[in-house]
Amino acid sequence: MATVRRTSCNLCEAICGVLVTVESGRVTDIRGDEADPLSRGHICPKAVALRDLQDDPDRLTQPVRRTATGWQELSWDEAYTLVATRLRAVQQESGRNSIGVYLGNPNVHSVGAMTHMPTVVRLLKTRNRFSATSVDQLPHMLAVHLLYGHQLMVPVADIDRTSYLLMLGANPLASNGSMMTAPGFGRRLKEVQKRGGRVVVIDPRRTETAAVADEHQFVRPGTDAAFLLALIHVILADGVTEVAPYVDGLETVEEVTREWTPERAAGVTGIAAEDIRRLAREFAAADKAACYGRLGVSTQQFGAICQWAVQVLNIITGNLDRPGGSMFPRPAVDTLRGIGRGHIGVWRSRVRSLPEFGGELPASAMAEEILTPGDGQIRAMVTIAGNPVLSTPNGRRLDEALPTLDFMVSIDPYINETTRHADVILPPTPPLEREHYDLAFHQLAVRNTARWNDAVLPRPSESRHDWEIFRGLGLALLGSPGLNRQKLLAAARLRLSPRRIVDLGLRIGPYRLSVRKLRKSVGGVDLGPLQPALPGRLYTKTKRIDLAPAMILDDLPRAFTALFSDALDDGLLLIGRRHLRSNNSWMHNSARLVKGKPRHQLLMNPSDLKARQLSDGQLVDITSAAGTISVEVASSNDMMPGVVSLPHGFGHGRKGAQLSVANQVAGASVNDITDSALTDPVAGTAALNGVPVKVTAAPPN
Ligand SMILES: Nc1nc2c(c(=O)[nH]1)N[C@H]1C(S)=C(S)[C@@H](COP(=O)(O)OP(=O)(O)OC[C@H]3O[C@@H](n4cnc5c(=O)[nH]c(N)nc54)[C@H](O)[C@@H]3O)O[C@H]1N2
Ligand SMILES: Nc1nc2c(c(=O)[nH]1)N[C@H]1C(S)=C(S)[C@@H](COP(=O)(O)OP(=O)(O)OC[C@H]3O[C@@H](n4cnc5c(=O)[nH]c(N)nc54)[C@H](O)[C@@H]3O)O[C@H]1N2
Ligand code: SF4
Ligand SMILES: [Mo]
């Protein structure tokens, strides 16, 4: 008999409600849930992959250990003891910091990882912690930490009420939105336009999103800082600012942007000075406007300046904290309370002296910290829901570094490009077997809603949820807790279930909800549109906003020199892209998703092809300072001349990776040529976009 169960898809940040049909224990259908007040029935093709994850024969369900004769299953208890013993042994021999930890993206999509993983990471007491943050949203977190006093106090564009949306470096029609949970982004954009509003996209590629916008401007990769500061310059020169009484530092911003003129910006960005002036004036004049900058303006050499400038633009035009502007969500569980406000540079990486942020070092430093001998060298790695061999810059070097470790453990359902190097792999249950409340993305949602999901399918007795794995591993690491208060607390925390923790959070949260109440609401509860929150909710000590933090001001001269004085490289610049049917590096094992036209090619403007006597479809070598990869080139008028685009997450088929579908997918890993030396020095974010490359015909083999 078929039953229909409600849950949500948590593969990306859109957290769409879905209805799953189950027949005799198997999923037979997945569709959008119209009753979800946030997603209103929207889903994308990846939702069906939930079913493929469930049924994937390559997915591990029990711990495995690498032996001379191949992978061997072991019991959960054996695995916990083995891992804890080996990790402690490495630390005993080589010191606390000899363990490196890398946390990948799916952690934020799992309630069990959110509630239980931090305790285990803390127990390891190492400073060599890394995560996908530094190849992603770190500049956002730095900017809001400096401006609003908390690293996660991120405002989102109030897309459902705005009349002017200026987007840079974001392609939500492929990504479904990021640092901004707005399921059905395309529909929401159409609604802006239907209301008579305007959508403007700034991107070196005419993306799927640019195609539906009212205006698209090409921008030379890595130069958005000049564009954004010129917008601020124009608005300040016009004297049309609208600044809230709790904002300081306007004069300083005026001073430091004086030299950042539209004419200068035009020279490097490729956007005409009159267009920059017009866009600034349109933005300032719109009754409700929001500027939103995402990955393309984060993972680049001036990401920190860009994300700061996006905030400043919203603030000085009176759009921060205003309906239709840029607003702060108010989730039912206040995640900010449970997470530190953030800090930067309290310690630095050993080899290159890159700063920590919020307790994590830049992922760009990971390989060198493993490969460089000396005190504090990483000798063991713990990877949790990450595939850094494909997802971090100079992944090839990391791929070579991992086998030199004394020990490696991965918490991951797959034997993939990274985890094939592990000694032990601990696989968690797949999404449909888990309960879920979204601790991360209600915090970034364009509407306040809340939903609890029961598991759609029972977990098989031999499987463990991720939180159970963290509990098992954490207790093994604790050994016998003894009388130490900290240890007892950690053990107690590990023993609480996610449901219990969420329930407590809901009860003390702003709407006094509970898991019981949420379970009774079909599709989730609607808590209404975003509400103004300032200055009361600011985390700054003064309850004021300082527009001009020293850390950013100090970096402006570097940007000015690099952008305006240095001889600009006239070669090609490499950027990334995403596709609706692909998710970072790890969903290429779903035959249903990867079928159809290949999506791994290098996109290049026909004029650039012609100048190099290359032709569409040809195999080319792409060479950067970090190395060379070979891939097919595809001619595309959607590319800005001088810019080429390659998606990340490809480069499967490596020896030992057990991904029967993905291993057949063509393509190379762009992160074999992104350069770990190329970072934004302010916080060490990897500059994955704007990498100088040469493209030549690949020699025939
Ligand atoms: N060049 C370039 N590089 C990029 C980007 C880019 O745009 N360009 N984007 C960057 C961004 S934004 C990000 S977020 C990173 C992502 O970087 P990562 O997080 O390192 O990589 P993912 O591809 O998301 O890999 C996720 C891993 O988690 C495993 N996994 C899946 N579900 C679960 C689960 O529920 N639990 C556990 N324990 N494991 C699970 C998968 O098998 C896979 O090994 O990549 C970054 N790298
Ligand atoms: N289908 C799908 N959805 C996803 C993911 C996925 O892999 N697949 N990944 C998820 C993750 S982890 C994240 S973080 C989000 C990311 O969400 P988005 O930020 O929307 O991601 P992208 O599609 O990479 O868009 C980045 C855009 O920046 C542009 N760009 C590159 N360099 C520059 C530059 O210098 N300046 C400007 N202005 N633009 C530039 C690129 O052309 C691209 O269009 O997507 C999430 N959703
Ligand atoms: S947009 Fe697609 S992948 Fe993202 S949550 Fe919705 S259905 Fe899942
Ligand atoms: Mo990401």
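A residue counts as buried under 20% relative accessible area, as exposed over 50%, and as partly exposed in between. The legends below use these words for a predicted model.

**View 1. L489 in helix α18.** Residue L489 belongs to helix α18, which covers residues 485-495. Its relative accessibility is 40%, so L489 counts as partly exposed. T383 is 106 residues away from L489 along the chain, and the C-alpha atoms of the two are separated by 25 Å.

View 2. An unreviewed UniProt entry lists residues 2-58 under "domain: 4Fe-4S Mo/W bis-MGD-type". In the model, this span is 12% helix and 37% strand.

**View 3. Strand β2 and its two partners.** Strand β2 is made of residues 17-23. On one side of the pairing list is strand β1, residues 2-8, which pairs with β2 in the antiparallel sense over seven bridges. V4 has T21 of β2 as its bridge partner. Strand β3, residues 26-32, also pairs with β2 in the antiparallel sense, over six bridges. Here V18 stands opposite G32 of β3. Six of the seven residues of β2 are buried, so the strand is largely enclosed by the rest of the structure.

**View 4. The turn between β2 and β3.** Strands β2 and β3 form a hairpin, with two residues between them. S24 lies in the turn and has a positive phi of about 45°.

View 5. Ligand 3 sits in the second largest cavity. The residues around the ligand include four cysteines, C9, C12, C16 and C44. Also around ligand 3 are L11, A14, I15, H42, I43, K46, A47 and N176. Sorted by class, this shell has nine nonpolar residues, two polar ones and one charged one.

**View 6. T61 in the loop between α1 and β4.** The loop that holds T61 runs between α1 (49-55) and β4 (64-67). T61 has a relative accessible area of 26%, so this residue is partly exposed. H150 is 89 residues from T61 in sequence, and the distance between them in space is 38 Å, C-alpha to C-alpha.

**View 7. M179 in the loop between α5 and α6.** M179 is placed in the loop between α5 (172-175) and α6 (185-194). Its phi is positive, about 55°, although M179 is not a glycine. With a relative accessible area of 9%, M179 is buried, because the value is under 20%.

**View 8. Two features of the loop between β23 and β24.** This loop, between β23 (525-529) and β24 (545-546), contains P535. The peptide bond that joins L534 and P535 is cis, with omega about 5°. K543 has its place in the loop between β23 and β24 as well. K543 is not a glycine, yet it has a positive phi of about 60°. The relative accessible area of K543 is 39%, so K543 is partly exposed.

Methods:
Residues numbered from 1 in each chain as written. Chains lettered and ligands numbered in written order. Predicted model: local features only at pLDDT ≥ 70, side-chain atom pairs only at ≥ 80, totals over all residues. Heavy atoms only, no water. UniProt positions renumbered as here; feature names shortened; annotations may be inferred. Helix = DSSP H or I, 4+ residues; strand = E, 2+ residues; numbered from the N terminus. Buried < 20%, exposed > 50% of the residue type's maximum accessible area, 1.4 Å probe, protein only. Pairing = 2+ DSSP bridges. Near = heavy atom within 4 Å. 1 Å grid on protein atoms, 1.4 Å probe; cavity = no way out; pocket = protein on both sides within 12 Å on 5 of 7 lines; lining within 4 Å. Sits in = over half its atoms within 2 Å of the grid points. Nonpolar A, V, L, I, M, F, W, Y, C, P; charged D, E, K, R; others polar.
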